[in-house]
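Let's take a walk through a protein model together. Have the picture open while you read, and try to find each piece as we get to it.

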Amino acid sequence: MTGGIGAAIWQGATVLIGGALLGLVYKGIDRKLAARMQARIGPPLRQPFFDVVKLLAKENVVPDHAIAWLFNGAPVVSLAAVSSLLFYLPLGGFAPLLGGHGDLVLVIYLLAVPAIAMMVGGFAAASPYASVGAQREMVMLMSYEFPLVIALVSIAWRLSTILPEASVFSLSVLAANPLWDWVGPLGAVGLVLLALALLVVTPAELSKIPFDIPEAETEIAGGLLAEYSGRNLALFYLADAVKTVAMAALLVALFFPYGLADRLWLSGPLAGLVDVAFFLIKVLVVVFFSVIVVRVGFARLKIDQAARLFWIPVTGISLVGMVLLILDRVA
Amino acid sequence: MNNESQKITTPRQGKTYTIPIGPVHPALKEPIEFSFELDGERIVGVDIRPGYAHRGIEFMGMKRNLIQVLYLSERICGICSISHPLALTQAVENAAGIEVPPRAQYIRTIIGELERIQSHLLWAGVAAHELGFDTLLHLTWKVREKVMDLLEDLTGNRVDYAIPIFGGVRRDIPAAKGDLAHAVLRYYRDLLQGLMDAFLEDKSVEMRTRHVGALSRGDALRLCAVGPTARAAGVEKDVRQDMPYFAYADLEVRAITPRDFEQEPVGDVFDTIIVRLLEVAQSIEIVERALCEMPEGELVSIPKVAALLSFLKKAEGEGIGRHEAPRGEVFHYVRLEAGIEEPIVWKVKAPTYSNLMAWVPKFMGAEVADIPIIAASIDPCMCCMDRVHVADRSGRASIRMKEELIRLSREKTRRILG
């Protein structure tokens, strides 16, 4: 790092605060667009900001029978994990801040941490609704992790066959060398299938309809979040917002890392600006198709139906994608 | 409400635990308490405890004159706010021997059927919400506004229409308003296919409702289920068909079952959706025919309220009134005594009361995720249904068993008979 520790801290703070703001803006867009699709007017774009401010000002209730340190710790761990995700993901034209210190495997773990934190918080809440929600979250985690990992590892493996020297699990390498440039038609079809599988995994990873089963408002009154209020709920709310951006940024980095500035022969600060804007649009497109459209168009599934969906068709699709990538290498 | 037959348990493996739903819970639109015994996510036992929405309306009615009771009856329930007055007017007309002019019979039919349209659309939206399908909720409730506007145009109110009075109706439907109604009905006729597709052709709705909360024909008969709940189970039971009243005899109404959708009835949630949507279509037809065939004539047999009151004061006898409300048969009983303005007895049996028991077989074997939609599938209306709440002197509610209730009601009957 050129600017030393001070600059690094500034960069880190920018990424963290920017990520949180961005998450809330996307949440606002999500709510507005979903409302328009449901023939409603919807809340103003800045509603998520109001929500966070209000929640932070509210009383933070810890249930009598809850294990307080676990109950209070879970939202902090959750937000910390998703925030640190931002350091490992390429955002816009910029390489990840901690690109040299962690790779794709770390990202997979960091993605799982919020879910586990929510589960722990749910069990610690000592509420039947939260317990049912935590059990459901556990089943969800076991269902969608497998296709997620298949997709990520297949892509890294295929890249390793092309660039044996590079550290292919590093996200900056993955983003700098889009597989589309290397693979043949078979591999391209495989990549499309993997992208499809990840698009289905995204709403599950983010607990959005039809996979909001652990929170199911009408069934278990918010499930995992049933007992959370005030500051703790605000942290979970922020974590959800940031995770949405992080998950979409991961998909963009893996499947569509291209910048616009090079193609427009731009340079200097303008190039950076154009690339960041283009990146934000790409993230919005991913959020639109994998979160907004899906949550407007479906009813909530039951936990066994969701588990079956991920274990058979989605895992199937990602396995076929993997096999096609292998065949592409052979051919 | 608690007796042994209500708590059915199936053989279970492993440890079970209990989860309370209600009296206040997002799955419930009105207060009622469920206690589910769960084995994992599967329901192996259920205990139902109503009584949280009891307001003593019957008692209040027995302290007021009959015109006031009529207004009170409208306020038993906001959604079936015409069904209760229609049943009450029939009961009083039956007791006092008042004739209702034919045009008034048609107007009662029209408002009653318009209420069915709005109630079923309301239910469809609630059902979609319980499934986590809010898009369908918003779209359904948006189109429901049309019939609410029409009801407001015809009666002056969105709810509590204040249309029936003993011996007729209080307001005419002039030709101009009839045209307005025809336009709204055409709108629904065009829309209905889309609505049927949205609910019945949608894969995710089918996944959540097919074979969920099934009620066998035998259980429906044994537990005396009524309305769409019974019809979805294949019981062809409809007061409008079985004991035609108002203009229904002229309009040839028949009970709708899933067979009309070329499906063998299983009584699950999907079947109740079929029945209710087909009934919206049926109501559109009934209203259109009634508007065309409505005869000219008087609106009310005793126009002056003062004259009506003094006539009712002289009346003596008991009467019953039945109406096929959107949720099933609503039944009112009144007993009048000469020289007394108030009814001596006023008893209301709402459709939810009859359907309450159907919940038990519907819930057994289902999953936690099915609880909201199964609870909603009978379209429960607690404020209609809660007619009794037992509390001891300390104010705490207590539970009475069947034998004790029978003994108590026999004692009360003897007391009333003197």
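First, some ground rules. This is a predicted model, where local features need pLDDT of at least 70, side-chain atom pairs count only at pLDDT 80 or more, and totals for chains, interfaces and linings use all residues. Residues are numbered from 1 along each chain as its sequence is written, while chains are lettered from A and ligands numbered from 1 in the order in which they are written.

The score to know is pLDDT, the predictor's confidence in each residue, from 0 to 100. Here is how the two chains do.

| Chain | Mean pLDDT | Residues at 70 or more |
|---|---|---|
| Chain A | 82 | 94% |
| Chain B | 86 | 95% |

Watch out for residues 1-12 of chain B, where pLDDT stays under 50. Where pLDDT is low, the predicted coordinates should not be read in detail. For the model as a whole, the scores are ipTM 0.74 and pTM 0.81.

**Two sheets in chain B**

Strands count as paired if DSSP finds at least two bridges between them. With that in hand, look for an open sheet of three strands in chain B, in the order E1-E2-E3 with antiparallel pairing. Strand E1 (17-21) and strand E3 (42-49) of chain B are its edges, each pairing on one side only. From one strand to the next, the twist averages 25°; angles here run from 0 to 180 degrees between N-to-C directions, and axes are lines fitted to C-alpha atoms, for helices over the stretch in contact. E1(B) and strand E2 (residues 33-39) of chain B are joined by five bridges, and Thr18(B) sits opposite Glu37(B) in E2(B).

Now find the other open sheet, with the order E6-E7-E8 in chain B and antiparallel pairing again. Its edges are strand E6 (317-325) and strand E8 (345-349) of chain B; each has a single partner strand, so one side of each is left without a neighbour in the sheet. In this sheet the twist averages 10° from one strand to the next. Strand E7 (residues 328-336) of chain B pairs with E8(B) over five bridges, and His332(B) stands opposite Val348(B) in E8(B). Helix H3 (residues 83-96) of chain B lies across E6, E7 and E8 of chain B, at about 150° to E6(B).

**Two domains in chain B**

How is chain B divided into domains? Domain 1 covers 4-53 + 352-417, and domain 2 covers 57-345; such bounds come from an automatic or database domain assignment. Their centres, taken over C-alpha atoms, are 26 Å apart.

Residues are in contact if their C-beta atoms, placed from the backbone, lie within 7 Å. By that rule, 22 residues of domain 1 of chain B touch 28 residues of domain 2 of chain B. On the domain 1 side, H16(B) gives the largest share, five residues.

**Where chain A meets chain B**

The contact between the chains takes 24 residues from chain A and 24 residues from chain B. Which helix of chain A gives the most to its side? H8(A) does, with four residues.

**Two residues up close**

Val159(B) is in the loop between helix H5 (134-155) and strand E4 (164-165) of chain B. Is Val159(B) buried, exposed or partly exposed? A residue is buried if 20 or more other C-beta atoms lie within 10 Å of its own, exposed if 12 or fewer, and partly exposed in between. Val159(B) has 18 other C-beta atoms within 10 Å, so it is partly exposed. Val159(B) touches Gly78(B) and Ser81(B), leaving out residues up to four places away in sequence.

Thr161(A) lies in helix H5 of chain A. Thr161(A) is partly exposed because it has 13 C-beta neighbours inside 10 Å.

Terms used. Two residues are in contact if their C-beta atoms, placed from the backbone, lie within 7 Å.
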